[in-house]
Amino acid sequence: MSQNILAQFMAELMSGRIRVVDLTETLTPEFPTIVLPPEFGQAWPFRIEEISRYDERGPAWYWNNFSCSEHTGTHFDAPAHWVTGKDQPDNTVDTIPVEAFIASACVIDCSAESRDNPDFLLTVDFVKKWEERHGRIPARSWVLMRTDWSKRAKPADYLNLQEDGAHSPGPDAEVVPWLIKERDVHGFGTESVGTDAGQAQHLDPPYPCHYYMHGNNRYGLQCMTNLDQLPPTGAVIFSAPLKIRSGSGSPLRVLALAPKA
Ligand SMILES: O=C(O)C(=O)c1ccccc1S
Ligand SMILES: [Mn+2]
């Protein structure tokens, strides 16, 4: 039975009736990484160094060395990333069940609100109003917060650092536990540099998305793009991180399958 379904799936994919959407930012040395208060360790930006390019260093081949943080660019957050997730089972990128890397997605469009207020916070009420239009969020779905933040091409605009830290949208401290308890969501995804808002250190608890999602063995995706190309419901997300031993996360290629518009 499953063989037929997979053959039908490939036929639909090859016909174009299923679109493949790339939700991944390009890794470059210029792509911004999260900036924590100076007393804390910082994420490495993406660095790349040519080894050879069909030359005396390697006559027939082109390759590079690169380095970055587990949390550089479009990346996956595993539960072990946050202290609340440190004792969860299978909580690192190499131990998470691989079935978790394929899941449905709901896309909640907060782009207008985020344009008007960089500190916009997604609330339970906003999600309930979304559900009135698009139906209940299915269990084990990703909730992707569309803010169009990925359209901020300049790193300074993307990080939006002021004297009191970053200012970018995210979920408030009530909606995250509500999504977990009431909708059993798979994880939370954002376009900005973190799954939490730029001013989330002032919420209670601080960084509520990390705190609750990872504390409940759920996952995060951040620095995503092209969420405006996805339908509110019906997309399927492929998000397999690198299999780093005991890794807290990793840069990855995030792809969405969506019905042809
Ligand atoms: O997961 C991340 O990359 C992230 O957003 C983060 C990382 C480390 C500390 C705080 C935060 S808020
Ligand atoms: Mn991260």
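Reader: Let's start with accessibility. Does R57 count as buried, exposed or partly exposed, and what is the relative accessibility behind that?

Author: First, a caveat: this is a predicted model. For the label, you compare the relative accessible area with two cut-offs: under 20% is buried, over 50% is exposed, and anything in between is partly exposed. R57 comes out at 39%, so R57 counts as partly exposed.

Reader: Got it. Which residue forms a salt bridge with R57?

Author: To call a salt bridge, you look for a side-chain nitrogen of Lys or Arg within 4 Å of a carboxyl oxygen of Asp or Glu. Here the partner of R57 is D55, with the closest N and O atoms 2.7 Å apart.

Reader: And why is D55 called buried?

Author: Because its relative accessible area is 18%, and the buried label applies under 20%. In that pair, then, D55 is buried, while R57 is partly exposed.

Reader: What about E50: which residue does E50 bridge to, and how far apart are the atoms?

Author: E50 pairs with R53, and their closest N and O atoms sit 3.6 Å apart. Both ends are partly exposed: E50 has a relative accessible area of 32%, and R53 has 43%.

Reader: How many salt bridges does a search of the whole structure find?

Author: The search turns up 15. One of them joins D184 and R218, with the closest N and O atoms 2.7 Å apart.

Reader: Now the ligand. Which residues surround ligand 1?

Author: Go by heavy-atom distance, with 4 Å as the limit. The shell includes I34, L36, H71, H75, W82 and Y207. Sorted by class, it has four nonpolar, six polar and one charged residues.

Reader: Which side chains make polar contacts with oxygen atoms of ligand 1?

Author: Look for N or O pairs within 3.5 Å. The D77 side chain is 2.9 Å from a ligand oxygen, H81 comes in at 2.8 Å, and a polar side-chain atom of H210 lies 2.9 Å from one. Taken alone, ligand 1 exposes 320 Å², and the protein buries 88% of that.

Reader: And what kind of space does ligand 1 take up?

Author: That space is the largest pocket.

Methods:
Residues are numbered from 1 along each chain as its sequence is written. Chains are lettered from A and ligands numbered from 1 in the order in which they are written. This is a predicted model: local features need pLDDT of at least 70, side-chain atom pairs count only at pLDDT 80 or more; totals for chains, interfaces and linings use all residues. Side-chain values use heavy atoms; hydrogens and water are left out. A polar contact is a pair of N or O atoms within 3.5 Å; within protein, one must be able to donate a hydrogen and the other to accept it, and residues adjacent in sequence count only if both atoms are side-chain atoms. Accessible areas come from the Shrake-Rupley method with a 1.4 Å probe; for residues, only the protein chains shown count as cover. On a 1 Å grid over the protein atoms alone, a cavity is a set of points where a 1.4 Å probe fits but cannot get out, and a pocket is an open set with protein on both sides within 12 Å along at least five of seven lines; lining residues have an atom within 4 Å of a point. A molecule sits in a cavity or pocket if more than half of its atoms lie within 2 Å of its grid points. Ala, Val, Leu, Ile, Met, Phe, Trp, Tyr, Cys and Pro count as nonpolar, Asp, Glu, Lys and Arg as charged, and the others, Gly among them, as polar. Buried means under 20% relative accessible area, exposed over 50%, partly exposed in between (1.4 Å probe, protein chains only).
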